[in-house]
Amino acid sequence: MMLLDNIGFVANMMSFVVYFASVMHFDLAGAATNTTNFLGTAFLLTILGGFISDAYMTRLNTTLLFGILQLLGYLLLILQSHFQKLQPQPCGESTCVHGGKALLLYTSVYLMALGAGGIRGCIPALGADQFEQDDPKKSSKNISSFFNWLLLSITIGASIGVTIVVWVSTNVGWDKGFIISIVCCFAGLCIVSMGKPFYRVRVPGESPLLRVLQVLVAAARNWSVQLPTDKHKLYEIQDRNVSPLTEQRLPHTQQFSVLDKAAVRTEGTKKQGKWRLCTVTQVEEVKILTRMMPILLSTIIMNTCLAQLQTISIQQGALMDPSLGKFDVPAASIPVIPLVFMSVLIPIYEFLFVPVMRMITGHPTGITHLQRVGVGLVLSAISMAIAGAVEVKRKNEFNNHNHLASLFWLSFHYAIFGIADMFTLVGLMEFFYSEAPAGMRSLSTSFSFLSLSIGYYLSSAFVELINSITSKLTSNKQGWLQGRDMNKNHIELFYWFLAILSLLNFGNYVFWANWYKYKKDGPIDEQKLLQPDLSVTMSMTSQQTISTSEGERKMEQN
């Protein structure tokens with residue numbers, strides 16, 4: 001499903017900057033900003049998809065709901081790109097689209113963002129839920145393998161998108177490219193829905209955000225209460241059947257002890273509801289999310305660097321020699337190079353690197369999740385440094401020799417960043433899924449996409465900030481990234497600024513990664529956490545036997 005969905009989504013990630021500039025007639029800065037805003041919104045809305053699938057709907061049904069919204073967005077894009085009456089005329093200003101045409105454009109784009117974001121907030125957790133949790137080492141190995149194959153599927157779909165779909169869009173017609181995208185998206189939804197009778201489906205529980213808020217409110221209301229010296233006196237539900245929504249018992253930890261006040265019974269209070277008294281497990285869930293935040297924030301700069309590869313680098317490519325023999329490669333297709341690297345390296349990582357490292361370290365996944373993320377952060381800094389050097393060469397060739405440098409000079413920093421993404425994105429998804437409380441796994445997994453979202457928004461802010469500051473420092477009073485002529489500005493300095501910032505950020509990340517304490521699970525009631533799809537279960541009740549053994553219910557479906 002994700003392979004098919006990414007054919008259209010990633011093609012639009014790479015080509016929207018061209019679509020906005022050539023069809024909607026934005027200037028270069030406006031085209032880049034609209035692209036990063038679209039991507040930032042899409043990845044921000046993964047939080048919404050994760051939240052809904054944890055609290056109100058199954059992950060599959062949430063996926064299908066947001067998939068329909070994405071189809072509607074594609075449909076509106078097809079209409080506007082096909083009929084010239086719905087497109088603006090060139091005006092020579094920074095923005096030429098106004099009124100109803102602007103409304104149609106932004107409605108279609110952000111419906112796509114809503115749909116794509118919601119899907120990505122559910123699918124990783126839906127896949128990982130299919131593995132048994134009884135054996136932690138085996139499940140950790142299987143889930144890690146699943147996320148590697150998920151990334152490979154995404155990569156293959158993206159490779160098709162940035163080659164075939166981008167070429168069709170730029171050479172045949174934008175409407176034709178969007179038609180391919182909507183067909184692939186619809187096919188993906190059909191395929192994932194065919195698995196409905198077979199999925200292990202997590203029963204939606206209490207709102208994870210509500211549980212977090214209850215702990216914060218209870219801790220604030222009990223601010224003056226003294227913590228007991230014996231932590232066993234903190235409140236916890238011992239009977240598992242009392243709270244069927246609590247799938248795990250999390251042991252008490254010493255970090256953030258101020259939150260423990262939410263689990264202290266206060267004397268003289270007749271009624272202690274959920275907003276006054278919370279369980280130790282509920283408090284520990286909030287502690288886990290709090291410990292995750294520095295890790296999440298430490299990956300934002302890398303995603304700011306990624307935004308440059310999807311905006312500025314593509315605009316660079318438009319000013320380079322695109323010829324490959326007799327074939328001209330669209331600038332928006334250059335990201336296929338890191339995707340090819342990833343398609344080759346992911347199986348090598350899975351079948352060679354992980355087994356070798358597993359023998360050395362004894363860790364089920366070869367290296368820890370946080371070590372994997374750290375490797376990606378270092379590589380992203382190297383990629384930005386090389387990007388700056390390539391821009392120096394491109395400008396030198398054009399300004400001093402009146403010659404266009406080959407488009408394939410961009411492949412060096414694209415390839416290195418592709419490898420970085422292979423390490424970091426999967427490492428984050430594994431980390432957030434494995435460490436999250438059982439009732440918050442969709443929401444937590446979407447945090448890896450939240451980092452992408454903030455990175456894209458930060459990119460837009462950096463462009464404005466850098467222009468504002470450097471315009472006051474340069475002799476010609478023009479910022480590094482201002483103007484329409486890329487041969488006269490200083491993109492290479494912006495790249496090197498990001499490289500230095502990435503190195504400083506890596507030092508910050510190392511501190512927080514060493515500080516982080518991995519979660520230690522209590523027993524998991526697997527039967528309450530995951531059940532067969534309820535609609536199928538009801539129709540097959542006559543074929544089921546329910547037995548009770550040692551106080552725990554187990555379901556056998558014949």
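Biologist: Why is Lys176 called partly exposed?

Modeller: Lys176 has a relative accessible area of 37%. Buried means under 20%, exposed means over 50%, and partly exposed lies in between (1.4 Å probe, protein chains only). At 37%, Lys176 therefore counts as partly exposed. Keep in mind that this is a predicted model: local features need pLDDT of at least 70, side-chain atom pairs count only at pLDDT 80 or more, and totals for chains, interfaces and linings use all residues. Numbering runs from 1 along each chain as its sequence is written, and side-chain values use heavy atoms, with hydrogens and water left out.

Biologist: What makes Asp175 and Lys176 a salt bridge?

Modeller: The N to O distance is 3.4 Å. A salt bridge needs a side-chain nitrogen of Lys or Arg within 4 Å of a carboxyl oxygen of Asp or Glu. The pair therefore meets the rule. Asp175 is buried, at 8% relative accessibility. By this rule the count comes to 10 salt bridges.

Biologist: How do you know that Arg59 forms a salt bridge with Asp129?

Modeller: Their closest N and O atoms are 2.6 Å apart. The pair links distant parts of the chain, 70 residues apart. Arg59 is in helix 4 (residues 59-82), while Asp129 is in the loop between helix 6 (123-128) and helix 7 (136-171). Helices here are DSSP runs of H or I, at least four residues, and strands are runs of E, at least two, numbered from the N terminus.

Biologist: Why do Arg59 and Asp129 count as buried?

Modeller: Arg59 has 2% relative accessibility. Asp129 has a relative accessible area of 3%.

Biologist: What makes Arg372 and Glu430 a tie between parts of the chain?

Modeller: Arg372 forms a salt bridge with Glu430, with the closest N and O atoms 3.2 Å apart. Arg372 lies in helix 14 and Glu430 in helix 15, so the pair ties together parts that are 58 residues apart in sequence. Both residues are buried. Elsewhere, Asp260, Glu284 and Lys287 are linked in a network of salt bridges.

Biologist: Why is helix 15 called largely enclosed?

Modeller: Of its 25 residues, 21 are buried, so the rest of the structure largely encloses helix 15.

Biologist: Which residues touch the most other members of the largest nonpolar core?

Modeller: They are Phe9, Phe16, Tyr19, Phe20 and Phe147, out of 140 residues. Helix 15 (residues 411-435) gives the most to this core, with 13 residues. Another core, of 5 residues, lies apart from it; among its members are Ile7, Ala11, Val166 and Cys184. A nonpolar core is a set of buried Ala, Val, Leu, Ile, Met, Phe, Trp, Tyr and Cys residues joined through side-chain atoms within 4.5 Å.

Biologist: What does Phe16 touch?

Modeller: Phe16 touches Thr35, Phe38, Leu77, Val109, Met112 and Phe178, leaving out residues up to four places away in sequence. Contact means heavy atoms within 4.5 Å.

Biologist: Why is Leu150 called buried?

Modeller: Leu150 has a relative accessible area of 8%, so the buried label applies. Leu150 lies in helix 7. Beyond residues up to four places away, Leu150 touches Met2, Ile123, Pro124 and Met429.

Biologist: What makes the phi of His25 worth a note?

Modeller: Phi of His25 is near 60°, a positive value in a residue other than glycine. Most residues other than glycine have a negative phi. His25 sits in the loop between helix 1 (2-22) and helix 2 (28-44). Phe256 also has a positive phi, near 50°. Its place is in the loop between helix 9 (208-221) and helix 10 (280-297). Just after helix 14, Asn402 takes a positive phi of about 50°.
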